[in-house]
Amino acid sequence: WIAFTISSDQTMASEPVNVSEFEALAKKALPKMYFDFYAGGAEDEYTLKDNEEAYQRITIRPRVLVDVSRIDTSTSILGYPISSPIMVAPSALHQLANPEGELATARASAASNTIMILSFSSSYNVEEVAASCDAVRFFQLYVYRGRHIAANLVERAERSGYKAIVLTVDCPRLGRREADIRNRMIVPKLKNVEGFVSNDVDADVAWLKSITSLPILLKGILTHEDALKAVEVGAAGVIVSNHGARQLDYSPATITVVEEVVRAVKGKIPVIVDGGVRRGTDVFKALALGAQAVLVGRPIIYGLAAKGEQGVKQVIQMLKDEFELTMALAGCTSLKDITRSHVRTDRDRF
Ligand code: FNR
């Protein structure tokens, strides 16, 4: 009986109990080159660590004298309802993680009643992903100097029912990811890529608006200056992001600049944040600081690598369950109850 107990305990131990534990499973499942491609960040990977650690420096101020017998985690983004403020970030090449690639990620996102943002650099094309299941999804775009590729993709995304364009503006050139250099990781030639991204945001957004009626969100904003500019050019929302710390090392951990961006946009457009979200408490902290939702990048890919569609569903569910528990323990029954006074950051005085 003792032997039985020990061995069944070991079986239990291999089942992940939190999102971070999917990383080890993905590492086992993938060739080193691919795992490193997903996991890596730019240069010293200072910002990569800081994206997660900055959340750990924020504490939660719970209000316990609240009836929390019913908790509602639902919200909406650009008018589209989602079951919780946790969405799927655009990330490249899901087929390196699982043969079903983005088709599996899209089905898992749909089953979780959330929105997936399909990457410009996806393994399956916009039509294939749209046909895989019925759900609201957004399309992430880079505008390269020759605009014809972007024009073609936007037209196809709109025709196949994508509801917004997420224009990523932090990639005028590719960041230096040393693991990929060491592994001689050659990203499969992306048909969509051609020269440098233009990043003339005034001209690009004006041009995009002339070819599509879809709302345009700008992804990769880290300062109040750029946030103001995003409002000026008519963005429908901003995503505070440092591209999962894969571009400029020593850019700030994203959670530390959310308030700066929120103050700059003055409620005119929604603010979303990504980078280092690994716990339901992180989601809660982001909302307390003024974000409307978060995006999750690597954990989704790790779920996909470890267990395919089921793994992605589990990752989203775990974060959602943790977030719901956090709301209950902090005394918030709906998202509007989560306020700035529910968190304490290094900048707050005691
Ligand atoms: C990304 N990210 C990204 N962003 C984007 O706009 N277009 C893209 O094609 C990609 N590709 C991509 C690949 C991989 C492997 C990673 C890890 C990330 C950035 C992504 O959208 C998001 O900003 C970060 O992943 C969020 O950080 P976490 O959740 O991974 O810490």
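Predicted model: local features only at pLDDT ≥ 70, side-chain atom pairs only at ≥ 80, totals over all residues.
In the UniProt record, an unreviewed entry, His243 is listed under "active site". The residue is found in the loop that runs between strand S9 (237-240) and helix H11 (258-265). When neighbours within four places in sequence are left aside, the contacts of His243 are with Asp170, Cys171 and Gly220.

Helix H2 (residues 21-29) packs with helix H13 (residues 298-330) at an angle of about 110°, and the axes of the two helices are 7 Å apart. H2 is therefore roughly perpendicular to H13, since angles of 65 to 115 degrees fall in that category. On the H2 side, the contact is made by Phe22, Glu23, Leu25, Ala26 and Ala29. H13 contributes Pro299, Tyr302, Gly303, Ala305, Ala306, Gly311 and Val315. Sorted by class, the contact of H2 with H13 comprises nine nonpolar, two polar and one charged residues.

For Leu93, phi is about 55°. Leu93 is located in the loop between strand S4 (86-88) and helix H5 (101-111). It counts as partly exposed because 19 C-beta neighbours lie inside 10 Å. For Arg184, phi is positive at about 50°. Arg184 belongs to the loop between helix H8 (178-182) and helix H9 (201-211). With 7 C-beta neighbours inside 10 Å, Arg184 counts as exposed, the limit for that class being 12 or fewer.

Pro81 is part of strand S3 (residues 80-82). The residue is classed as exposed because 12 other C-beta atoms are present within 10 Å. Apart from residues up to four places away in sequence, Pro81 touches Ser74 and Ser76. Pro81 and Asn113 are 32 residues apart along the chain, and their C-alpha atoms are separated by 8.2 Å.

Note on methods:
Residues numbered from 1 in each chain as written. UniProt positions renumbered as here; feature names shortened; annotations may be inferred. Helix = DSSP H or I, 4+ residues; strand = E, 2+ residues; numbered from the N terminus. Contact = placed C-beta atoms within 7 Å. Axes fitted to C-alpha atoms, helices over the stretch in contact; angles between N-to-C directions. Parallel < 35°, antiparallel > 145°, perpendicular 65-115°, else oblique. Nonpolar A, V, L, I, M, F, W, Y, C, P; charged D, E, K, R; others polar. Buried ≥ 20, exposed ≤ 12 C-beta atoms within 10 Å, placed from the backbone.
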